[in-house]
Amino acid sequence: MSSDKEELEVSIWRGDDAGGAFEDYKVPAQDSQTVLDVVSWVQQNTDPTLSYRYACRVGMCGSCAMMVNGVPRWTCRTHVKKVLDGKKVTVAPLRNLPVIKDLATDMDPFFDKWVKAGGVHHPSKTRDDPIEPINPKSIARSEADTGIECINCSVCYAACDTVTGNADYLGPAALQRAWTLYNDAKDADQQTILDAVSGNGGCHNCHSQGSCTLFCPNELNPMKAIAGLKRATATSLFKRKK
Amino acid sequence: MLDMRLYMLQRITALIMAPLTLGHIAVMIYAIQDGLTAAEILGRTQGSVLWFLFYGSFVVAVSLHAAIGLRVILHETFAVQGKALSVFTWSICLILLAMGGRAVWAVTAV
């Protein structure tokens, strides 16, 4: 344990969608302390009305993402010592999403776009058919595998400047999901997926700035997935099938 | 805001502009080697269907390409949308087309 006298200066955004401001708190520094530990300490010891969201605390559920010093991060997997600016750290709700209260954002727009991007399975068989064997080394399966570790934390969505400027843009996570399904041999409707990502807010709005790939805590590459969708939609325009 | 149609149009016009730009620069470098007056340049371009098509297609490509690009900037940076955005896009396209077309006509018409 560090000295009990050592304190962190923590600024936490308090408010709702109508407005708010940063409030400052003093939090005792501890060894191996995560940003989520810091936020929890404030809620448990200083202000029980502080609202925030978390579940697993080990980087599996994707619910504790927040802006830490202006950067989207999983707070449960971010050691506070690695992000401290002197003794200071700021914690704010995820960017590009409506705020419900304090650090808790409304994730509905994020998940609505997931569905809008064709991110639902289109079955190719019924439950009575035998299970189709899939070659794990096929090119399409390898491509699909690159995106399936996404846990919907919305870090990429918060990092994306195109989402900030264009509210209709589907965003990196939803488009990566579409690309995964497009490459899934068990998905029966690839053209529906391509049509879903070719509209006003579709993959063609991406500027390839790469913030999604840079900040993804799972080290996935949504920018590459979006580039794949751009290629696939352009090809389908001429061929009208994959 | 930027759908498949506008995206493809912007990429295709970029593909058209790239070789035309290189061709323009190459001809400029080649043509001025021994000095060249405006009258001599006009002597070669006026009445030339080839140069009319060369610069004419460049002007059309630029007008479409730039209008779509500025449309994106206006929407994402200044939140312009709907009819105002369409009016802006078409205005830029037509202004560039008129200015460029006038210039092409000036050097290629007899």
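**View 1. The largest nonpolar core, 59 residues in this predicted model.** The residues with the most contacts inside this core are A:Met66, A:Val91, A:Leu175, A:Ala178, A:Val197 and A:Leu229.

**View 2. Zooming in on A:Leu175 and the residues it touches.** Leaving aside residues up to four places away in sequence, A:Leu175 touches A:Ala117, A:Leu170, A:Val197, A:Cys203, A:Pro222, A:Ala225, A:Ile226 and A:Leu229.

**View 3. An open sheet of 5 strands in chain A.** Reading across, the strands go β2-β1-β5-β3-β4, and the pairing is mixed. At the edges are β2 (19–28) and β4 (71–74), each pairing on one side only. From one strand to the next, the twist averages 35 degrees.

**View 4. Strands β3 and β5 of chain A, running antiparallel.** Here β3 (residues 65–68) is joined to β5 (residues 88–92) by 2 bridges. Look for A:Val68, which stands opposite A:Val91 of β5; A:Val91 is also one of the residues with the most contacts inside the largest nonpolar core.

**View 5. Where chain A touches chain B.** Chain A brings 12 residues to the contact and chain B brings 9. On the chain A side, helix α10 (residues 222–239) gives the most, with 3 residues. By type, the chain A side splits into 9 polar, 2 nonpolar and 1 charged.

Notes:
Residues are numbered from 1 along each chain as its sequence is written. Chains are lettered from A and ligands numbered from 1 in the order in which they are written. This is a predicted model: local features need pLDDT of at least 70, side-chain atom pairs count only at pLDDT 80 or more; totals for chains, interfaces and linings use all residues. Two residues are in contact if their C-beta atoms, placed from the backbone, lie within 7 Å. Helices (H or I, at least four residues) and strands (E, at least two) are DSSP runs, numbered from the N terminus. Ala, Val, Leu, Ile, Met, Phe, Trp, Tyr, Cys and Pro count as nonpolar, Asp, Glu, Lys and Arg as charged, and the others, Gly among them, as polar. A nonpolar core is a set of buried Ala, Val, Leu, Ile, Met, Phe, Trp, Tyr and Cys residues joined through C-beta atoms within 7 Å. A residue is buried if 20 or more other C-beta atoms lie within 10 Å of its own, exposed if 12 or fewer, and partly exposed in between; C-beta atoms are placed from the backbone. Two strands pair if DSSP finds at least two bridges between them. Axes are lines fitted to C-alpha atoms, for helices over the stretch in contact, and angles run from 0 to 180 degrees between N-to-C directions.
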